[in-house]
Amino acid sequence: MKLLSACCAVLFLLPFQAQAWSNHSMGSSLALAPLPGMSDESIEVESLERFLTAEEQELQVLLDEQEAFARAHFDGYPERPDSLRWQPGAPDRKSAFLQALRINPEIRLAYFIQALPGVLPGQRQRLEASAVTVSRQLSMWNDWRFYGVSEGEKLSPLAITSTAADEPDYGHDINLFSDNPGKVGALYNFGPQPFGDARFEYSSQAPFHIGYYHESPLVFAAGPFLTRTYPQWRAYQYFGLARFAFEQGHPYWGYRFLGWGLHYIQDLTQPYHSTVLPGETTAGLIWTAAKALAGFPEDKQAAIERVATRHTEVEKYQLRWLRSELATGDAQRPLLMSYINQGKDAQYPAFDYRYLRDTVAYESRQQADQFDALIGKWLVEQPTPGDFSKGNQQAAPKPDAQLQQLIIELIGHFGAHTRNAVRAVSPQP
Ligand SMILES: [Zn+2]
């Protein structure tokens, strides 16, 4: 297995996109709008400094409890070094807090909302993407609109939670490993980056946004680094902080932390986030890795490219489809209904710290091979891109009924798990 370890490390240098169903805020606003009380503009924006100052003693208790729980319940959990423990009276509270959580201390943490279905920006001032994200590739956010809000202003739980659900893609989990650029990687005890191609800015967040929880033991034996994924722990941290903030009377931070936790649940509803290489059997995976090791890397390259292309193309397609349905103004369209429909919410087990892993990731892993195959078939059906001399309007991709049906099902899971988390974590009206 040792040889395979080495070659699997090469096999899984997957490029990594930030997206899982494109924009978490948009999907969240659709999924959460039907819940009671979500649209009341009743929650006052509170600064992080004010929250941390008011709760600095109690917060130490909470974060110590979370650390003890993680050590006891999360396999292979990299312990938080004692030097990062949250201490009341820290001179720079914001930085100390982010380091106690082991997230990127460079994140913007702007006060803002996204313009979304059910969330109107009003007269607020538009913010550049650079005000909300640390990403250097700002063109990725050209399609989205951010608006600044001020302390004391009132917002709806829908606006706060949905906006926050996209935030973990704005830099929270970038450069946390010991071989990444920046200062904190050396302090955080996550070790070297387990997989992902370090040349891509976003690759270092991959082990926090994907969760390989249901691969065969053979795959894990061949590539032990594949066990080093942390979305379950991140969701546990943020949902715990959300409950704490609600209980202590800080609903703005309750909903914002809740949104951060939702991000990881939603990422895992995307089969490419729950599965090492969809469409590959265990034997095929190991054989491909062995061939690459023996000097024949073609299959390995092809598998990596196949997965990256299919993941990107299906998300682009899903977003385009969603936008076209939103443009009709008809809430009864099938993809919109799949976000909103609450029919299956109650069929899932109770929400607890294992829900992301045992329910969400398991369900998504079960459909990964079928999803990958349908995307492959759909891509083959597309006409080859024409020349651009007739103008640069790219034709809409031809739909495939089976693929559309599966996307509707998977987006139904996105909606159901989003609502189940919100029901479990936020105070119910
Ligand atoms: Zn993500």
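The axes of helix 13 (residues 298–328) and helix 16 (residues 368–381) come within 10 Å in this predicted model and cross at roughly 80 degrees. Axes are lines fitted to C-alpha atoms, for helices over the stretch in contact, and angles between N-to-C directions run from 0 to 180 degrees. Helices (H or I, at least four residues) and strands (E, at least two) are DSSP runs, numbered from the N terminus. Helix 13 and helix 16 are therefore roughly perpendicular (65 to 115 degrees). In helix 13, Arg 310, Glu 313 and Val 314 meet Asp 372, Ile 375, Gly 376 and Leu 379 of helix 16. The contact residues comprise 3 nonpolar, 1 polar and 3 charged. Contact requires C-beta atoms, placed from the backbone, within 7 Å. Ala, Val, Leu, Ile, Met, Phe, Trp, Tyr, Cys and Pro count as nonpolar, Asp, Glu, Lys and Arg as charged, and the others, Gly among them, as polar.

Strand 2 pairs with strand 4 (residues 146–148) over 3 bridges, in the antiparallel sense; pairing requires at least two DSSP bridges. Phe 112 stands opposite Gly 148 in strand 4.

The protein chain has a mean pLDDT (the predictor's confidence in each residue, from 0 to 100) of 91, and 93% of its residues reach 70 or more. Residues 1–11 have pLDDT below 50; this stretch has 25 contacts in the model beyond near neighbours in sequence. Where pLDDT is low, the predicted coordinates should not be read in detail.

Residues are numbered from 1 along each chain as its sequence is written. Local features need pLDDT of at least 70 and side-chain atom pairs count only at pLDDT 80 or more, whereas totals for chains, interfaces and linings use all residues.

How values were computed:
Angles under 35 degrees count as roughly parallel, over 145 as roughly antiparallel, 65 to 115 as roughly perpendicular and the rest as oblique. Two residues are in contact if their C-beta atoms, placed from the backbone, lie within 7 Å.
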